[in-house]
Amino acid sequence: MDTFALIVTVGVALFFTYTNGFHDSANAIATSVSTRALTPRAALAMAAVMNLAGAFLGSGVADTVSKGLIETPTGQSGMAILFSALAGAIVWNLITWYFGLPSSSSHALFGGMVGAALAGGTVVLWSGVIEKIVLPMFLSPIVGLVLGYAVMCAILWLFRKSNPHRAKRGFRIAQTVSAAGMALGHGLQDAQKTMGIVVMALTIADVQDDKGIPLWVKVACAGMLSLGTYAGGWRIMRTLGRRIIELDPPQGFAAETTAASVMYAASFMFHAPISTTHVITSAIMGVGSTKRFSAVRWGVAGNIVAGWFITMPAAATVAALSYWSILFLFG
């Protein structure tokens with residue numbers, strides 16, 4: 001039974017990574033596709049490869065997820081808690097994907113972990129949740145917004161005397177690099193989050209201690225994230241690429257460069273699991289504001305931000321219900 005529960009939980013974790021990939025593929029390529037810097041399939045293939053590469057660049061985010069948010073649960077109830085956390089995150093991913101809402105897969109997972117832990121009587125490390133999740137959730141979009149605005153202003157000033165058509169053509173080429181950097185950062189952040197969950201499952205099953213991430217876990221999580229990315233999340237791509245603001249190549253380059261920079265800083269300097277969705281969306285808003293404030297469709301942006309705030313409570317609720325259902329069905 002223990003082995004079966006472990007296999008099921010790891011399988012669900014990998015499925016979550018797949019949904020994370022197609023849910024968040026828009027984060028890396030929506031701007032490049034909307035400006036026609038890349039064709040959709042070429043962009044998805046590039047993002048899938050860079051996601052795969054990014055997953056092997058570090059382990060700080062995985063350590064935060066596996067050790068810094070909840071105490072590692074034990075026994076069958078511990079495995080049920082992890083399963084329920086993943087169920088809550090998957091359900092919220094699918095709901096927001098259906099409605100084309102670029103919510104955070106990361107915060108869906110964190111909300112699921114907290115909700116399942118509370119339902120299962122496991123200690124939530126609130127200091128870690130606040131320091132590593134809640135504060136970055138508020139700060140990273142503000143940084144993305146301000147930095148995106150500043151980067152776009154710098155580009156406008158540096159290229160103020162350039163031929164507009166030639167400059168746009170150059171930035172369309174540069175977007176290939178910035179989109180690749182964005183996808184690499186997404187792999188660095190999001191693949192590691194599932195790695196942390198799988199390591200917790202292996203620890204609960206007493207298959208290994210919690211020191212280090214096995215190579216097969218890295219390969220499996222990175223591969224599933226890449227497959228999900230290549231599947232593509234077209235509904236969310238339309239929201240990010242066109243509904244917030246119609247982007248041109250310089251704006252797309254500025255937004256992607258800003259978001260990628262914030263993700264690298266959060267991963268390597270702070271080991272903070274931030275939301276790629278929050279960062280790229282806020283960067284797009286900041287970049288778009290340089291054109292004129294009314295150019296950004298703030299009504300659409302407001303709906304997106306509202307979705308950010310309900311993600312963790314919604315996923316936590318689904319996870320708690322999942323745990324209680326398992327408890328009812330299997331005792």
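Reader: Which helix gives the largest share of the nonpolar patch?

Author: The model is predicted. Its surface carries a nonpolar patch made of Leu-118, Trp-126, Ile-130, Leu-135, Leu-139, Val-143 and Leu-147, with about 650 Å² of accessible area together. Six residues of the patch, the largest share, come from residues 126-158, which is helix H6.

Reader: Is Trp-126 buried, partly exposed or exposed?

Author: Trp-126 sits in helix H6 and is a member of the nonpolar patch. Buried means under 20% relative accessible area and exposed means over 50%. Trp-126 has 46% relative accessibility, so the class is partly exposed.

Reader: Is Ser-226 buried or exposed, and with what relative accessible area?

Author: Ser-226 belongs to helix H8, residues 215-231. Apart from neighbours within four places in sequence, Ser-226 is in contact with Ala-48, Asn-51 and Leu-52. The cut-off for buried is under 20%. Ser-226 is therefore buried, at a relative accessible area of 9%.

Reader: How many salt bridges does a search of the whole structure find?

Author: The side chains of Lys-193 and Asp-190 meet in a salt bridge, at 3.0 Å from N to O. The search of the whole structure gives a count of one.

Reader: Which helix holds both Lys-193 and Asp-190?

Author: Both Lys-193 and Asp-190 are buried. They are three residues apart, about one turn of the helix. The helix that holds both spans residues 164-204 and is H7.

Conventions:
Residues numbered from 1 in each chain as written. Predicted model: local features only at pLDDT ≥ 70, side-chain atom pairs only at ≥ 80, totals over all residues. Heavy atoms only, no water. Patch = residues over 30% accessible without salt bridge, like charges linked within 9 Å, V, L, I, M, F, W, Y side chains within 5 Å. Areas by Shrake-Rupley, 256 points an atom, 1.4 Å probe, with all protein chains shown as cover. Salt bridge = Lys/Arg side-chain N within 4 Å of Asp/Glu carboxyl O. Helix = DSSP H or I, 4+ residues; strand = E, 2+ residues; numbered from the N terminus. Buried < 20%, exposed > 50% of the residue type's maximum accessible area, 1.4 Å probe, protein only. Contact = heavy atoms within 4.5 Å.
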